[in-house]
Amino acid sequence: MKKVKYKMGKLGKYYFMKGFNSINTFLPDTRIATKSNIRAMLRLYESLYLKPDEGTGGHGIYKITKIKNKYTLRSGTASKQFNSLDALYSSLHKQFSRNKYIVQKGIDLLKHNKRSFDIRVMVQKNRSKKLVVTGVIGRLAKPGKIVTNYHSGGTPLPIDSLLVSHLKRDKREKYIKRMEILGKEASNVLGKNYRSKRAFGVDIAIDSKMKPWILEINTRPDMSIFNTLKNKTMYKRILEYSRIKG
């Protein structure tokens with residue numbers, strides 16, 4: 001009997017990938033954004049991210065932190081404080097009534113010049129329908145912003161230059177290779193449900209202990225960010241692979 005394949009939002013992808021030992025330790029705790037889940041996760045983690053279950057580009061994302069009995073909600077460069085979780089949750093009623101939201105463990109991202117950054121690994125199918133890594137790029141957040149996305153003001157940069165202050169040259173090369181392997185493995189896993197997709201954009205966060213975390217996998221990744229780099233080698237390769245049919 002043929003297995004049914006279906007479209008999944010961020011939460012569905014998380015639950016699907018959680019079943020694979022090769023990547024499940026790299027997935028940050030992710031749940032549906034109910035008040036009880038947010039309260040429970042704030043007991044476990046220093047910060048949380050609220051994200052629309054579907055949608056890309058860094059839009060509609062919030063960051064929650066709790067210090068003593070005060071709750072802070074950040075969006076873009078704006079910040080609001082609340083005296084209770086009930087009050088914070090009520091302020092998000094409109095967003096929650098329009099879209100299904102998830103809540104995810106916050107990762108304390110590595111920084112470059114005091115700005116947070118993460119990584120996008122582009123993985124595409126070759127003519128033999130095997131997934132290969134065609135590009136790796138860093139995304140540096142706009143000052144004061146909680147997201148790194150290019151269309152939300154983030155700056156795409158070579159990942160090697162963002163890791164300079166964290167790793168020596170030989171270790172940087174090995175670490176970037178490790179990110180490529182993780183991106184490819186995550187794409188192979190999710191590709192079991194998205195067999196017709198030819199490209200995956202794997203967003204990887206790195207915490208202060210250099211542990212990588214798979215934040216999200218896009219099944220319609222934006223290729224244009226690679227065109228912003230001075231060196232067009234990766235962008236040309238990505239375009240070449242995007243033209244492969246079948």
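Contact here means heavy atoms within 4.5 Å of each other. The model is predicted. By that contact criterion, the buried residues of helix H7 pack against strand E8 (115-125) and strand E9 (131-140).

**Helix H7**

- Helix H7 spans residues 233-242, and its buried residues are Met234, Tyr235 and Ile238.
- These residues lie on the same side of H7 because they cover an arc of only 100° around the axis.

**Asp203 and Arg120**

- Asp203 and Arg120 form a salt bridge through their side chains, with an N to O distance of 2.5 Å.
- This pair links distant parts of the chain, since Asp203 belongs to strand E11 (residues 199-206) and Arg120 to strand E8, 83 residues apart.
- Asp203 has a relative accessible area of 5%, and the cut-off for buried is under 20%, so Asp203 counts as buried.
- Arg120 is likewise buried, at a relative accessible area of 6%.

**Salt-bridge network**

- Asp203 and Arg120 belong to a network of salt bridges that also includes Asp118 and Arg139.

**Arg172 and Asp160**

- A salt bridge joins Arg172 to Asp160, and their closest N and O atoms are 2.9 Å apart.
- Here too the pair links distant parts of the chain: Arg172 is in helix H6 (residues 169-190) and Asp160 is in helix H5 (residues 159-162), 12 residues apart.
- Arg172 is buried, with a relative accessible area of 7%.
- Asp160 is partly exposed, with a relative accessible area of 28%.

**Asp108 and Lys111**

- Asp108 forms a salt bridge with Lys111, and the closest N and O atoms of the two are 3.7 Å apart.
- The cut-off for a salt bridge is a nitrogen to oxygen distance within 4 Å, so the Asp108 and Lys111 pair at 3.7 Å is counted.
- Asp108 has 49% relative accessibility and counts as partly exposed, because exposed requires over 50%.
- Lys111 is partly exposed as well, at 38% relative accessibility.

Terms used: Residues are numbered from 1 along each chain as its sequence is written. This is a predicted model: local features need pLDDT of at least 70, side-chain atom pairs count only at pLDDT 80 or more; totals for chains, interfaces and linings use all residues. Side-chain values use heavy atoms; hydrogens and water are left out. Buried means under 20% relative accessible area, exposed over 50%, partly exposed in between (1.4 Å probe, protein chains only). Helices (H or I, at least four residues) and strands (E, at least two) are DSSP runs, numbered from the N terminus. The arc is that of the directions from the helix axis to the C-beta atoms.
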